[in-house]
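Subject: Structure handover and findings

Hello,

Here is the structure I said I would pass on. My notes on it follow below.

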Amino acid sequence: MEKEKLKAMDAEQLREYGHQMVDFVADYYKSIEDFPVLSQVQPGYLGKLIPDSPPIHPESLQDVLDDVKSKIFQGVTHWQSPGYFAYFPSNSSIAGFLGEMLSSGLNIVGFSWISCPAATELEVIVLDWLAKLLKLPDVFLSTGKGGGVIQGTASEAVLVALLAARDKMLKLVGKDSLGKLVVYSADQTHASVKKACQIAGVHPENFRILKTNPLSSYALSPEVVSEAVSQDVASGLIPLLLCATIGTTSSTAVDPLPALGKIAKSNGIWFHVDAAYAGSACICPEYRHYLDGIEEADSFCMNAHKWFLTNFDCSALWVTDRAALIESLSTYPEYLRNKASETNTVVDYKDWQIPLGRRFRSLKLWMVLRLYGQEGLQAYIRNHISLAKRFEDLVRQDSRFEVVTPRTFALVCFRLLPPDDDESQCDKLNRELLEAVNSTGKIFISHSVLSGKYMLRLAVGAPLTEKKHIDASWEIFQEKATILLKPFQNGTHICSNGSN
């Protein structure tokens, strides 16, 4: 009997195909350790496996899933693998997955309150919930002048904060002063701030990248900021925005919010705090002190999709003055006019972001908060930090390696030391070590550079990672290090100048 053709939407077909897809995804997670963590394909591989035009006649779901197994999976870097330690984590969870399913099932476009009241109001509520978990000041809550909004990424969050700061400042000093606006960040600040400046029209020469050093564990120095601001003011420029970070990308450095906040406040500078990675840890009382000084901030963001069991994308942004965002980003064409918006009694999130359309992302965050609870989320984060501490201890026990900068959260920065303290060989040695461990397919790590030193980064944070995976990864590092160091021990290593 010929199978019934797939309809655009049908409850019973959805049930049948939906069960099949859930089983497929569940089987993927069950066998995820069978795949190389880092995809081993070459650029252009997929074009050789998939036809260059779409099918004329419908194909079966099973045929598509078979192609996913044989063609797509080989080109996937498996971010949810327990051996994934690169960049920062991007958590998936059962609760997050279920929330995404429900959001996709409802498939609303919640740009204004009237377009889906529940989407708007749930987002307001869960962002207040999360703010309370983080013990943010009341000024960030929806009950005051501020409030929270879900952006796609922290890059979008800093962009909308910068746009709000820009327009608020230009309203005071005149629109012709755009070329005088200055933005401040550290050399450890995420590159998204630079991109935001490019989009917002801040002149490249007015983007200050302030140097950090190992003495402060690469935190931004208030003295350096104060000096830069004073010099700019004396030159007739206008300080606009200062970005501080809680958990920088290279090493999870933490900038001193209280001192930086005072500088910003005394100079009329918008103070944005990026806690994209480490904000999640601050729901634990023992890490909350890293947010001390947040009361001086104008905006604050954390990525729930990094380390908070909420599937990508879900970046939470809070502001102390929502009017500044709305004045900068609001548009109100006739076709969107409605009674609720005109009474000014509802939130229209289209005016808090760059695009018009938006998904029902608050559903998955709501489900994560409810199905895991505060205690479950705290335990999850503490476990990863404990596993990272274990890896750091293992590194310290091997004299061939060094920890480059102290671990703060669940990222370990380390490197293989050069034989005979020959720093000229060190970067090359660690690049080779990175390539060697990643090529095993068992783990995937990334790198960065601090004070000119090429180092390896191991970020613990995948949902399935356990102690056994930490121990196994360390054994890989030891094994590959032994192989790389052997030529030095035999005295046959070829130096960069070609001599023995």
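A definition to begin with: two strands count as paired when DSSP finds at least two bridges between them. Under that rule, Ser448 has Met455 in β11 as its bridge partner. Please keep in mind throughout that this is a predicted model.

The sheet

The strands β8, β9, β11 and β10, in that order, make up an open sheet of 4 strands with antiparallel pairing. The edge positions belong to β8 and β10, which have a single partner strand each, so one side of each lacks a neighbour in the sheet. On average, neighbouring strands here are turned by 45° against each other, direction ignored.

Taking the pairings one at a time, β8 (residues 401-405) is joined to β9 by 4 bridges and runs antiparallel to it. These two strands form a hairpin with 5 residues between them, and Val403 stands opposite Phe414 in β9. On the β11 side, β9 and β11 (residues 453-459) are antiparallel over 4 bridges. Val412 stands opposite Leu458, and Cys413 stands opposite Arg457. Between β10 and β11 there are 5 bridges, again antiparallel. That pair is a hairpin with 2 residues between the strands, and Ser451 in the turn has a positive phi of about 50°.

How many of the residues of strand β9 are buried? The count is 6 of the 6 in residues 411-416, so the strand is largely enclosed by the rest of the structure. Leu411, Cys413 and Arg415 are buried on one side, and Val412, Phe414 and Leu416 are buried on the other, so both faces are covered.

Helix α12 (residues 362-397) lies across β8, β9 and β11 and runs at about 20° to β9. Helix α13 packs on the sheet as well, touching β8, β9, β10 and β11, and its direction makes about 30° with that of β11.

Cores

The largest nonpolar core has 102 residues. Within this core, Leu134, Phe300, Phe308, Trp318 and Phe477 have the most contacts. Helix α12 gives the most to the core, with 13 residues. Leaving aside neighbours within four places in sequence, Leu134 is in contact with Gly279, Cys282, Ile283, Arg288, Leu291, Phe300, Met302 and Trp318. There is also a second, separate core of 36 residues, which includes Ala161, Leu163, Ala196 and Cys243.

Aromatic pairs

Searching the whole structure gives 24 aromatic pairs. One of them is Tyr84 with Phe444, which is edge-to-face at 5.7 Å centre to centre and 75° between the planes. Tyr84 is in the loop between α2 (61-72) and α3 (94-106), and Phe444 is in the loop between α13 (423-439) and β10 (446-450), so the pair ties together parts that are 360 residues apart in sequence. Tyr84 and Phe444 are both buried.

For Trp474 and Phe477 the ring centres are 6.4 Å apart and the planes are at 35°, so this pair is tilted. Both residues lie in helix α14 (residues 467-490), 3 residues apart, about one turn of the helix. Trp474 and Phe477 are buried too.

Ring pairs also link Phe88, Tyr277, Tyr287, Tyr290, Trp307 and Phe409 into a cluster. Over the face of Phe88 lies Arg457, at 5.1 Å from the ring centre.

Ser328

This residue is in helix α10 (residues 322-329). Is Ser328 buried or exposed? Ser328 has 18% relative accessibility, and the cut-off for buried is under 20%, so Ser328 counts as buried. Not counting residues up to four places away in sequence, Ser328 touches Leu163, Ala164 and Asp167. The C-alpha atoms of Ser328 and Ser177 are separated by 17 Å, with the two residues 151 apart along the chain.

Regards

Note on methods: Residues numbered from 1 in each chain as written. Predicted model: local features only at pLDDT ≥ 70, side-chain atom pairs only at ≥ 80, totals over all residues. Heavy atoms only, no water. Buried < 20%, exposed > 50% of the residue type's maximum accessible area, 1.4 Å probe, protein only. Phe/Tyr/Trp six-rings, centres within 6.5 Å; stacked < 30°, edge-to-face > 60°. Lys NZ or Arg CZ within 6 Å of the ring centre and 35° of its normal. Axes fitted to C-alpha atoms, helices over the stretch in contact; angles between N-to-C directions. Contact = heavy atoms within 4.5 Å. Core = buried A, V, L, I, M, F, W, Y, C linked by side-chain atoms within 4.5 Å.
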